[in-house]
Amino acid sequence: MADPTASAAPTASAVLPTYARADVAFERGDGCWLEATNGQRYLDFGAGIAVCCLGHNHPHLVDALIEQGRKLWHVSNLFRIPQAERLATRLVEASFADFVFFTNSGAEALEGAIKTARKYHAAAGHPERFHLITFEGAFHGRTLATIAAGGNPKYIEGFGPKAAGFDQVPFDDIEAVKAAITSETAGILVEPIQGEGGIRVPSPTFLRQLRALCDEHGILLVLDEVQSGMGRTGKLFAHELVGVTPDIVATAKGIGGGFPLGAFLTTRKAGSGMGIGTHGTTYGGNPLAMACGNAVMDVLMAPGFLEGVARKGLVLKQRLAALADAHPKIIADVRGEGMMLGLRTHVPNTDFAVAARAEQMLVIPAGDNVVRLLPPLVADEAEFSEAISRLEKACQKLEADLAAKG
Ligand SMILES: *Cc1c(COP(=O)(O)O)cnc(C)c1O
């Protein structure tokens, strides 16, 4: 028998308690709005951590899911999947890449990207070149390889030996990268904008310098665009903002609009080691996921959509800068590109997120004491006004708390 007092606690749950969850649950959503089980409406500027790029309950996405759901969900990758071939072709046509491999998550996309980079050198007769240079503050996922790549001791400790082959240096420090390159280096793995690390945008020349270093040493530039990709910054991929061509890119989050989906993209050359039998997945790229991915692409690639994200992102950033000016005790700075924005706060970022939630607005804490604003890419200026007014109230509340403390 279950202990009745346990079930009385608000957080009692059979879900393994690896998350400190907010005690709120949502029942339905529409665009940028979520309705909680208690009937309260929340303005969602987290979008399920940059996943729900078309917002909630987008009619085109819902129709695509239902239509495919009535036909066929899954067949396995033992057979051709026309919907996957179509989405791969569309991603290739819109990007640097020649090939796409579909996964179910961001971490799996990273695993595939890391394996592809290592195999490239192994197939060229250099299996010893398996190290990737990675960066402090990075986040690449929670598998054994991706926690080693991310390098955060909190995620690594207690899970056995750290996977070999990840050499970490400070972010945005080109000299440190140069010093870390050895005859065992396969490539450089970097987020064009660090997401979990706190919307950290490197200096505009950083990625270009990494590209030049890769060319000089015959190593691969591998980008983690799980969070920054799929239109988030106003470009399909954030590396386009600085005119850099990568060799391999991992993406996920927005790509399925809420359906679990990821992908890695590669040039023909960088992917040359990945022949038949080298990699696989049971679910990745199944017809149901591909219906969602293609529906997301329909919207992202519609004429003017990404330009709209860039334009709206600038408007939101300017309005946040004005908010920061009005509340210098609360907000330290505004950062980010497109609709991947962050506020570094003077108060603990978790307090800021709680104060915003009290105003029925969702934002997401990140590293560097930043709260992220990752609204659905379909958010409009009326929703920005609503967001600013709720954040204004949250700032006033936090100022009152500071004053009360003396
Ligand atoms: C979220 C994220 C991941 C991991 O994606 P999962 O789907 O949680 O495995 C990897 N890299 C970056 C940059 C991310 O933001």
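Visitor: What makes the crossing of helix 11 with helix 13 right-handed?
Guide: Helix 11 passes helix 13 in a right-handed crossing. The term applies if the near helix is turned clockwise from the far one by less than a right angle; anticlockwise is left-handed. This is a predicted model, in which local features need pLDDT of at least 70, side-chain atom pairs count only at pLDDT 80 or more, and totals for chains, interfaces and linings use all residues. Residues are numbered from 1 along each chain as its sequence is written, and side-chain values use heavy atoms, without hydrogens and water.

Visitor: Why are helix 11 and helix 13 called roughly parallel?
Guide: They pack at an angle of about 20°, axes 11 Å apart. Angles under 35 degrees count as roughly parallel, over 145 as roughly antiparallel, 65 to 115 as roughly perpendicular, the rest as oblique. Therefore helix 11 and helix 13 are roughly parallel.

Visitor: Which residues of helix 11 and helix 13 meet?
Guide: Helix 11 brings Arg 311, Lys 312, Val 315, Leu 316, Arg 319, Leu 320, Leu 323 and Ala 326. Helix 13 answers with Glu 381, Phe 384, Ser 385, Ile 388, Leu 391, Glu 392, Cys 395 and Glu 399. Contact means heavy atoms within 4.5 Å. By class, there are 9 nonpolar, 1 polar and 6 charged residues. Ala, Val, Leu, Ile, Met, Phe, Trp, Tyr, Cys and Pro count as nonpolar, Asp, Glu, Lys and Arg as charged, the others, Gly among them, as polar.

Visitor: What makes helix 12 oblique to helix 13?
Guide: The axes of helix 12 (residues 349-358) and helix 13 (residues 381-405) come within 8 Å and cross at roughly 120°. That makes helix 12 oblique to helix 13. The contact involves Asp 351, Phe 352, Ala 355 and Ala 356 of helix 12, with Leu 391, Ala 394, Cys 395 and Leu 398 of helix 13. By class, that is 7 nonpolar, no polar and 1 charged residues.

Visitor: Why is His 121 called buried?
Guide: His 121 has a relative accessible area of 3%, so His 121 is buried. Buried means under 20%, exposed over 50%, partly exposed in between (1.4 Å probe, protein chains only). His 121 lies in helix 5 (residues 106-123). Beyond neighbours within four places in sequence, its contacts include Pro 127, Arg 129, Thr 185 and Leu 220.

Methods:
Axes fitted to C-alpha atoms, helices over the stretch in contact; angles between N-to-C directions. Helix = DSSP H or I, 4+ residues; strand = E, 2+ residues; numbered from the N terminus.
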